[in-house]
Amino acid sequence: METYTKLKNNRVALSEAIPLPMPFTLFVDPTNHCNFHCSFCPRNQSDFHQYAGDFTHMTRECFDKIIKGLQQFHGKLKVLRLWYLGEPLLGKNFFYILEQSIRYNIAERIELSTNGSMLTRDTSEKILSLVKSFAGSFYLRVSVYSVWEKRERDITKSSITVGQIFDNVKTFRELRDRDAVSGGGTNVRIYAKKLDTYDSENEEFLHKYRPIVDEVELEEPMEWNGAGNRELLDEAYSKNDIARLKQNKMPKACAYPFHTLAIQADGKVVCCCVDWTRGTCVGDVNEESLYDIWHGEKLRQLRYLHLSGRRSEIPACCNCHKLPHGGVYEKDNLDDVNPEILSK
């Protein structure tokens with residue numbers, strides 16, 4: 001299996017491929033509930049409900065409509081990502097969503113991102129049992145917030161210990177390797193990441209997790225976009241760190257609206273995995289098909305603004321700092337693309 005960090009290298013030149021007949025990537029949020037209360041997460045903003053709706057779990061009926069919509073396309077997703085605003089393993093219908101995704105073979109690979117706290121032995125066995133029959137590859141992506149007990153509590157406001165998370169990941173690895181002996185688990189890869197804290201914790205994290213996962217990485221922090229000029233990283237990072245992160249060059253156009261859709265737990269569809277305010281909302285799978293949303297006028301207009309260099313006119317996009325941190329890879333750059341291509 002390809003390493004998680006190198007998947008970005010297997011990309012087509014987006015400028016030569018758009019407009020795409022279907023999305024490459026689909027985020028599906030099994031729930032927007034979470035058992036962590038991180039200061040830099042928009043879920044803990046006082047006006048979260050005003051923008052993002054109520055805390056809820058994706059229903060089976062909603063996911064069935066997603067499946068039906070995907071079947072209208074000729075082909076399948078390159079990747080289905082089972083996360084967004086919440087901890088997916090808290091989703092009441094998480095296993096139904098995973099099972100149906102595998103049954104209908106809707107993606108070449110499936111990725112699950114979790115904070116690791118709910119990754120019990122029983123849950124791990126259920127995941128591995130389902131994934132065993134999946135024709136594609138499965139990536140478990142574990143977000144580790146700290147390997148220092150006090151910092152973990154300060155960030156997550158949770159009683160879950162760093163030891164519990166470590167043990168959960170270690171158990172998943174042992175079960176995966178056990179299955180591999182009998183021919184299962186060979187399509188499963190484990191990736192652990194932590195946000196770069198620019199201090200000695202980085203090396204401790206790498207040293208601790210490297211033996212129990214397939215890949216371990218440090219990722220740069222980034223601000224969630226959204227209403228107003230919010231500074232959600234203030235409590236976790238110094239002003240100097242934040243200022244340095246924002247010095248990265250911003251491209252004219254974001255690639256996300258051209259290759260990705262993100263479906264929130266209640267069925268609302270946006271084109272960005274950090275748009276919690278629904279400023280890029282282009283539809284609702286409860287009311288229209290995913291096919292019609294992808295080829296719809298709302299999404300076409302949003303793409304046109306990006307290609308025309310008018311991203312600043314979109315409230316959810318004008319303050320975005322995700323672009324230099326994975327929003328646009330080299331092969332995704334669309335800055336020289338004529339917006340008239342959208343008339344194809």
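**Helix α12**

I began with the packing of α12: its buried residues (under 20% relative accessible area, with a 1.4 Å probe and protein chains only) are in contact (heavy atoms within 4.5 Å) with α10 (256-259), β7 (260-263), α11 (290-294) and α13 (315-318). The model is predicted, so I note that local features need pLDDT of at least 70 and side-chain atom pairs pLDDT 80 or more, while totals for chains, interfaces and linings use all residues. Residues are numbered from 1 along each chain as its sequence is written, and side-chain values use heavy atoms, without hydrogens and water.

I listed the buried residues of α12 (297-307): L299, L302, R303, L305, H306 and L307. Helices here are DSSP runs of H or I with at least four residues, and strands are runs of E with at least two, numbered from the N terminus. After α12 I found G309, with a positive phi near 75°.

**Aspartate 275**

I located D275 in the loop between β8 (268-270) and β9 (283-284). I looked for a salt bridge (a side-chain nitrogen of Lys or Arg within 4 Å of a carboxyl oxygen of Asp or Glu). D275 is buried and has none; R278, the nearest side chain of opposite charge, is 8.0 Å away. For charge, Lys and Arg count as positive, Asp and Glu as negative, and His and the chain ends are not counted. I did find a 3.2 Å polar contact between the side chains of D275 and T277.

**Aromatic rings**

I found twelve aromatic pairs in the structure. Rings of Phe, Tyr and Trp (its six-membered ring) pair if their centres lie within 6.5 Å; planes under 30 degrees apart are stacked, over 60 edge-to-face, and the rest tilted.

F48 and F55 are a stacked pair, with centres 5.3 Å apart and 15° between the planes. F48 is buried at 1% relative accessibility, whereas F55 is partly exposed at 30%.

I then checked F166 and Y209: the centres are 5.4 Å apart and the planes at 75°, so the pair is edge-to-face. F166 lies in α7 (162-181) and Y209 in α8 (201-209), so the pair ties together parts 43 residues apart in sequence. F166 is buried at 17% relative accessible area, and Y209 is buried at 1%.

Last, I looked for charges over rings (NZ of Lys or CZ of Arg within 6 Å of the ring centre and within 35 degrees of the ring normal). K208 lies over the face of F166, 5.1 Å from the ring centre. K126 lies over the face of F95, at 5.4 Å.

Notes
Buried means under 20% relative accessible area, exposed over 50%, partly exposed in between (1.4 Å probe, protein chains only). A polar contact is a pair of N or O atoms within 3.5 Å; within protein, one must be able to donate a hydrogen and the other to accept it, and residues adjacent in sequence count only if both atoms are side-chain atoms.
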